[in-house]
Amino acid sequence: NYMEEQYSADRIVVAASGNVDHDKFVSSTEKTFTLPASENPHEVVPVSYCGGDYREERNLEQVHLVLGFNGIAYNDPDYYPLAVLSTLLGGGMSSRLFQEAREKHGLVYSIYSFSSSYKDGGLFGIYAGTGREEIKKLVPVICDEVKLTRDSVNKAEIVRARAQLKASTLMALESTSARCEQAARQLQIFDRVIPNSEVIEKIDAVNTEAVERVAERVFSSNPSIAAIGPTQNLV
């Protein structure tokens, strides 16, 4: 069995997966989580992304670098196109960033992209772990790949990224904890648990035009850069 609690400003969702007796679980939850309603609800402040630059010098072997852009919210129509974009750009060994920065130029220990979405906004980021000397060569390589991805993607990349994304979605069904966390998160955000068949359908609907549109949208925002380690050579 696995239980997950998800909190928001106005409610708590308790989800469980595995060998669960539903009625007993509901009864136990009602007894345990009987909380008074808040008389002072939190004021929601609209999200505002502005970009920025933060560097922290530390005595480390690697420079840990994150390049960020304004992302999108969970309910945004471009949520799944951005997931496909992230997969083809930095989602594994077949991605553009891995092939260019690690396989071709040998500049990184690790590199990947990620998309973090929230109720009212999000962040799209690229992480890289690299050496003190390699950092000055790495940033231009990343920027070139971002520009190339913004300018064009091909159908074969979209097909491969969609297949990779669907495989990871279906493989997560084997994990009790992942199923539980997914149910709790979806209840908080969408007020329902979304069938995996619906997720797969939305991934399959992503085409080249959708990925190019979201790439233009995300990469047009002011970038953020954050780095920790020996950052002297980061220009």
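Analyst: N70 belongs to strand 4, which covers residues 63–70. Strands here are DSSP runs of E with at least two residues; helices are runs of H or I with at least four; both are numbered from the N terminus. The model is predicted: local features need pLDDT of at least 70, side-chain atom pairs count only at pLDDT 80 or more, and totals for chains, interfaces and linings use all residues. Residues are numbered from 1 along each chain as its sequence is written, and side-chain values use heavy atoms, with hydrogens and water left out.

Is N70 buried, exposed or partly exposed? N70 counts as partly exposed, because its relative accessibility is 31%. The scale is simple: buried is under 20% relative accessible area, exposed is over 50%, and partly exposed is in between (1.4 Å probe, protein chains only).

Now look at what N70 touches. Not counting residues up to four places away in sequence, its partners are Y49, G122, F124, V218 and S221. A contact means heavy atoms within 4.5 Å. N70 can also be placed against S48: the two are 22 residues apart in sequence, and their C-alpha atoms are 9.3 Å apart.

Compare V141, in helix 4 (residues 135–151). V141 counts as buried because its relative accessibility is 13%. Beyond its neighbours within four places in sequence, V141 meets E100, A101, H105 and L107. Its C-alpha lies 23 Å from that of K155, 14 residues away along the chain.

Next comes E157, a residue of helix 5. E157 is buried, because its relative accessibility is 8%. With neighbours within four places in sequence left aside, E157 is in contact with L88 and R96.

Turn to the loop between helix 6 and helix 7, where D191 is found. D191 is exposed because its relative accessible area is 56%. Its phi is near 65 degrees, a positive value in a residue other than glycine. Most residues other than glycine have a negative phi.

Then there is the largest pocket, which holds about 920 Å³ of space. Its lining has 31 residues, and Y79, Y80, A83, L165 and R185 lie nearest its centre. Elements that give two or more residues to this lining are helix 2 (79–90), strand 5 (108–117), helix 5 (155–171), helix 6 (176–190) and helix 7 (196–204). Helix 6 gives the most, with seven residues. A pocket is an open set of points on a 1 Å grid over the protein atoms alone, where a 1.4 Å probe fits and protein lies on both sides within 12 Å along at least five of seven lines; lining residues have an atom within 4 Å of a point.

Last, the whole chain. It has eight helices and seven strands. Its C-alpha trace spans about 60 × 40 × 30 Å along the principal axes. Of its 235 residues, 39% count as buried. Among contacts between residues at least 6 apart in sequence, 73% join residues at least 24 apart.

Note on methods
Grid points are joined across faces, edges and corners, and a volume is the space filled by probe spheres set on the points.
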